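The sequence and structure come first.

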Amino acid sequence: MSNDIVDLITAKHDVRNKKRKLNGKEKFWLTFRYVSLIFIWFLVVMPIYVMVINSLKGIKNVYLVNAFKLPEKIDFSAWSVAWSGTDYFPQSISDSMIRTLVFVIQSSIISAILGSINGYVFAKWKFKGSNFIFTLFLFGMFIPYQAIMIPLVRIVTTLDINKSIYVLVLAHVIYGIPICTLIFRNYYEAIPNELIEAGRVDKASMVRIYRSIILPLSIPAFVVVLIWQFTSAWNDFLFAIFLTGGSPKLSVATTALNFITGSSNQVYYGVNMTASLIVSLPTLIVYIFLGRYFLRGLLSGSLKG
Amino acid sequence: MSKSVINRRPISARIGGLLFVLPSIITVLIFVYGLIIWSVNVSLTNQNSGSKKDIKYVGLKNYTDLISDERFTHSLLNLVKFTVVFILGALITGFIMALLLEKGIKGEGFFRSFYLYPMAISFIAMGTVFNWILNSARDGDAGGLNLALQKIGLGFLQNDWYVSEKGAMYAMALPAIWQMSGYVLALFLAGFRGIPDDMREAARVDGASESQIYRYVLFPQLTPTLLTILIILGHISMKAFDLIIGINGKSYVTQVVAVYMWESTFDSRDYAKGTAIAIVLLIMIAIVVVPYLRYNSKQQAYR
């Protein structure tokens, strides 16, 4: 696993000639690098900074001209309004957040199980044409979903499943098959064939080998896929807006937020900012604690494993 | 030795593999390829409203209509402008980040984690903030970027951003660059670190300067990485949808192909037109992605 892409990125690289005293030119370049890195850091952090400080200014004192100014007094009232609503701000975010959390967890778990089985076969039990079929899968990962959306909407409307949140579970499981299969396949490719052969010599069946040899080794890949599916389903807007048709009863985090910030509530900037921040928190928290696994999922999309 | 073991494998095991993935294969065939064919089929009819009466095949009429549809050509042109600025911007920014980090520096992990976080956040959420940051109010009323530019003495750079007809798509590329530069950084960093240290050492022993090492030894090794990045950024850019909706809704100035498809389908209920636009988008993306997939599967076969 030495050529593993995430290991390469996060490898402790030698800070060359650390002990030696730097000469003037080297000192200049080191300073230049730090100044540039810090400058970029400010640019990257700025939008989140704006979000956070403006969510702490309460309801009334949020104006564009003060966008970068710290709050004079920390006031959490926008948080409670954004979360549970009040009479002048009825579209709160809490119901949609909980609905999203429930469906996203379900779709991620189903996706991971399917991906693991598929990946196992495509990596270790190749059949005639399996590489070709795998490439067909991969293409499904790159298509613009608009190209299947109108027939999909028709199917779910005809079958009358567009009245429940399970329509999104279905969509994310189906269109998650390619990426989940890819992540598991790449992971299993790195498991030595000798382990499988040893199982075969003991006359273990394919299922038995999966259960007792492969599955116990799969936890990191499961984490990668769960996080990937969680993040992409949480942040998804396209499927949600087409398949639930903007019905408020089925609004998820992104569609509810788009409705709030895009509608006549524009005056309540502080509440809008807070709602946006709340919607971003779950995926941000996952990133903060499991960033390495998130990165691996992200890079799978480039097919480089 | 291992070959003989494989040959002694019972037939049931070889088919067994297929049996386990068959449900997924059928699902993908139906829901990806089947529905694409269905979409193509709809796009060849005159299904221009919810009613299903008098549906006839009209050949490529919906596609030829798009050519003369000013709104479509407008959204296509917007997409081209956006794509060019976004790809160049993200490529250059990500490459600079990678150059700054690749040799290893104290605090690298800190910077890298922050540079990558934008990809974990939805654009519907970030749209609220970028709507502010790229606000067109100037001088006394200025808030976001316009205010920041005044503060650092670059007030003359104040701009209308995504509101102006001329610069809207270039402004839209800024948040996209903000989000995707980290991805480019990650891929380039992996590229740099995949190059064996011996190559640098050898060049150094031969008397090459640091800049010569980059120019003649390291950069040529990054060509495959560059290709991957271009394809990834290209297909993401062509699909641009929630980024645009999140910041500026369905506004005409910033409309791109995916947004126009949504508008045609949802607001005008013109399913034939909607599918035609979607298929055009699919073809554009396939032109970029299919050669890459073929190249990739050949690489896999040699492994």
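In chain A, the axes of helix H7 (residues 166–189) and helix H10 (residues 219–235) come within 10 Å and cross at roughly 150°. Axes are lines fitted to C-alpha atoms, for helices over the stretch in contact, and angles run from 0 to 180 degrees between N-to-C directions. H7(A) is therefore roughly antiparallel to H10(A), a term for angles over 145 degrees. H7(A) passes H10(A) in a right-handed crossing, that is, with the near helix turned clockwise from the far one by less than a right angle.

On the H7(A) side the contact is made by His172(A), Gly176(A), Ile179(A), Cys180(A), Ile183(A), Phe184(A) and Tyr187(A), and on the H10(A) side by Ala221(A), Val224(A), Val225(A), Trp228(A), Gln229(A) and Ala233(A). Residues are in contact if their C-beta atoms, placed from the backbone, lie within 7 Å. Ten of these residues are nonpolar, three polar and none charged. Here Ala, Val, Leu, Ile, Met, Phe, Trp, Tyr, Cys and Pro count as nonpolar, Asp, Glu, Lys and Arg as charged, and the others, Gly among them, as polar.

The model is predicted: local features need pLDDT of at least 70, side-chain atom pairs count only at pLDDT 80 or more, and totals for chains, interfaces and linings use all residues. Residues are numbered from 1 along each chain as its sequence is written, while chains are lettered from A and ligands numbered from 1 in the order in which they are written.

Helices (H or I, at least four residues) and strands (E, at least two) are DSSP runs, numbered from the N terminus.

Among contacts in chain A between residues at least 6 apart in sequence, 75% join residues at least 24 apart. For chain B, residues 24 or more positions apart account for 67% of the contacts with a separation of 6 or more.

Between the chains, 78 residues of chain A are in contact with 83 residues of chain B. Helix H13 (residues 269–300) of chain A supplies 13 residues, the largest share of the chain A side. That side divides into 51 nonpolar, 21 polar and six charged residues.

Technical notes:
Parallel < 35°, antiparallel > 145°, perpendicular 65-115°, else oblique. Contact = placed C-beta atoms within 7 Å.
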